[in-house]
Structure formats: structure tokens, C-alpha cells
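I opened a new model today and kept notes on what I looked up. Here is the page.

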Amino acid sequence: IMKSGDETGEFIEGFSYIERFLKRFADITTHSNVLLTTRELPNCIEYLANSHSTICRFYNLPGLDKEAVKQIVAFHGLTWKSEENLEKFSEHHGGSPYAITLASSTVLSDYGGVIDSYVESASKLPSKLIKLLDTQIVRLSALQKTILYLLAVERVPVSLQGILDSLIHSYFEDEIKDALSQLRHKSLLEPVNENGCYYIQNVLCDYATDQICKEMTGCIINVIKTKEMSSDDLLLRDLHIITATASHEIREAQMRTLVKPIYKNVSARFGAARVRPELYNAIRSIGSDPSTVGFAVGTLVTMMLQTAEELNGLDLSETLLWSCDFEFCDLIDTDFRGSDLRLSRFREVLDAVSCVAFGKDNDEIFFGTSDGKIHVQNLKENSLRAKKIYSGYVRGMAYDRKNGPLLTVGEDRK
């Protein structure tokens, strides 16, 4: 019943009588009360709270506390073994009693009423909750939706400057601030007050991630078929699906929730044998104009990286290779001449390796470097992680293949 786009807080035609009722109710003497709950605050409520502050008030409701959540799930007949899983269940649904109630029916019907099974299975959102969120997202402006999707991709709080840097079109800072304010007004965005960043709740992040997968799949299929960018492919232009400059953990999550599901959908459409050449033909056909291509080529190359073949010898010259993660990719004789490699990542240069150890079954290699870091390379997953442990050289390490722990000693003897 609220207007879409930039007209935040206004009722659509046919529902303005609610505003008239509320204003009239505020002007009469009565012992009755009106309790209104809403995801988006109507402007008339904000006005009445200022002009009739003694009789009209509004509050932002935080999520339910642990005891309240226990009462709701117990009422629905659910059980749990781990308090941690119960807390994850609550956090995942933003502490919303409505979302928790909807999820409870799914837990009961599909998981025998056991919350632990639901949490550990990374289950999809309840269909009723998806329909509710659909009605909220469809009312967003293009910029608001792009920001929401961007926060879902990043998966961590993002600053105002970070949002500005991630948008391919130039916006005035005030435009972004206004869009952020409207998303907050609609309860679709949460600020992190201490550092000026913004994030979205887990339940909304999961919803947005699913929507990105569906919409991005459609865009990629369309570009492969037509060999050109169109007005229907704006998401492919405006949004990256992997942040090549982010931490290994974030990139791993983006691969799991976005890149691999999208590739699976595209591969199913064209077949495993055809998808790689089709992607490459699209890359060479759609041009290199930033205003029309944006992140598109980078995303198509990311799809190619999911095939079994490397990029050796490919001509990727004169292309916009934005936000590509080449860290674990062989690029022998790959032609990057004249390409824009903005926000892309290549293999990291390590400090001097001082010691090495092999894990159980030789599927992991541990090595220490002169900067005090311990690196772990997983040969099966082709991943590399690192953590700084010492202030100077890692002097030695050994892996106990029987009992499991990695033993290390550093220059500071810790």
C-alpha cells in the first residue's frame, strides 16, 4: 500500500484514507489506542510524532531476545540440541517473530521439527517469506536495488565511499546518501554506527543472493545468444559477483553462493562442451565501452574460469577485465594488451619461504615466511590462506600426521 521508488513513506492511490484516519484520530479525545506495525514508516506518522508528541510515538523494534525466540519455537513444537544453532536460527531471520514463525513451519514439515538440522542444511527461505520480500524489493528504484544487491555480494559492512567506488556510473554523494536513507526508511538496511558502514540482515542477504543468481543467469544467457549488451542486461553491467580484492574467506563465500550456482545454470543451458566457446565469443563481441559493458566481461571471464580449462593463449586484449580473480589461474601467453584490469587480482608474491610441512595424505602444504605468516595451501580446493602469527621469521614447523596439530616456532620463540 506504499508508493514505489523515491516516493518513500507515501500511500498509493486508494489507501490515503489511512493517513486521514490517523490524523483525525490524533485530533480527538479518546481512551482507545491504535497500534500500527510497518516495515516502512509512513510520512504522516513521522509528522504526527513531531506535532503530537504526547500522544503519537514511533519506535524501531530490535530483534527478539533469546528467551522470546525460545518461546515462539517451543510453541510451534520445535526442538534444538545446540544453543548456538538456536542463536544462528534467530540471527538468520533477523529476530523477526513473523520470519521465525514462517521458518518454523518449514522446520516442522521438512526437518522433523529439529532446528539444528535446518541450520546445518543451509536451507532456502520459506516461500511465504520470499513472497513478502518480493513485495518490498519490487518497489525499489534502480539505484536502491543496485545498492541492496551490492551489499549482498560484499557480505560485509560497506562504507559510503566503498559503495561509491563500486558503482560504475557517477553519482553525487547526496544521491547515494538519499538512496541509503530510503532503504533505511524501508527497514532494508542497517547502519554500523561506529564506522559509518552499512549492511543487510542475513535473511535479506540470502534473498538478494538468490535473486542475483536468477537475474544474472538470464543476463548471461541473453548476451551469449545475442552477442551484445541490451537494456535487459543492466545487472550484468552494473554488478560484480566476486570481489577480487577481498579476503580469501569472502571470495570463497562468493564462489559458493554466486559464481558456482550461476555457472551451473548457464552450463545447463548450453551444455558443458559449448559453454566455454560461447562465453569467449560473447566476450569478444560486446565491446569495451565502460558505460555499456561495465563489469560484464569480468563476470563472463569468471564464468570461463569455472571450466576445467585454463586461459592459456587466449586473446583478452582491449577488454574491460574488471574484478577478475586470477590468483589460482595459469595465464601462459594470455594476451592482456590494452585491457583494463581494474580491481582484478593476480597471484600473490610471498616473502622468503623459511620452512615447509606436508599435511595428512599430502593434500595440504604448510609453509612459513619471513614476514611471520603461516600459509596453508589446499591442493584439492586450490586455495591459499595465510595468517600472521609471529613478528619475524617462522623458524620451523612440523605436522603430526597421527594426532593432527601443526607445530610451529617463530623468531620471537612463541
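This is a predicted model: local features need pLDDT of at least 70, side-chain atom pairs count only at pLDDT 80 or more; totals for chains, interfaces and linings use all residues.

**Contacts and overall make-up.** I started with contacts, meaning heavy atoms within 4.5 Å. Residues 24 or more positions apart make up 52% of the chain's contacts with a separation of 6 or more. Residues are numbered from 1 along each chain as its sequence is written, and side-chain values use heavy atoms, with hydrogens and water left out.

Next I checked burial: 45% of the chain's 414 residues count as buried (under 20% relative accessible area, with exposed over 50% and partly exposed in between, using a 1.4 Å probe and protein chains only). I also looked up the span of the C-alpha trace, which is about 80 × 55 × 45 Å along its principal axes. The chain has 16 helices and nine strands (DSSP runs numbered from the N terminus: H or I with at least four residues for helices, E with at least two for strands).

**A helix pair.** I then picked α3 (residues 66-75) and α5 (residues 97-110), which pack at an angle of about 35° with axes 10 Å apart. The axes are lines fitted to C-alpha atoms, for helices over the stretch in contact, and angles run from 0 to 180 degrees between N-to-C directions. Which residues meet here? I found V69, I72 and V73 on α3 against P97, I100, T101 and S104 on α5. By class, this contact has five nonpolar, two polar and no charged residues (Ala, Val, Leu, Ile, Met, Phe, Trp, Tyr, Cys and Pro are nonpolar; Asp, Glu, Lys and Arg are charged; the others, Gly among them, are polar).

R155 isn't a glycine, yet its phi is positive, about 65°. I located R155 in the loop between α8 (142-154) and β1 (158-159), and it counts as partly exposed because its relative accessibility is 29%. K227 isn't a glycine either and has a positive phi of about 60°. K227 sits in the loop between α11 (202-226) and α12 (234-238); its relative accessible area is 27%, so K227 is partly exposed too.
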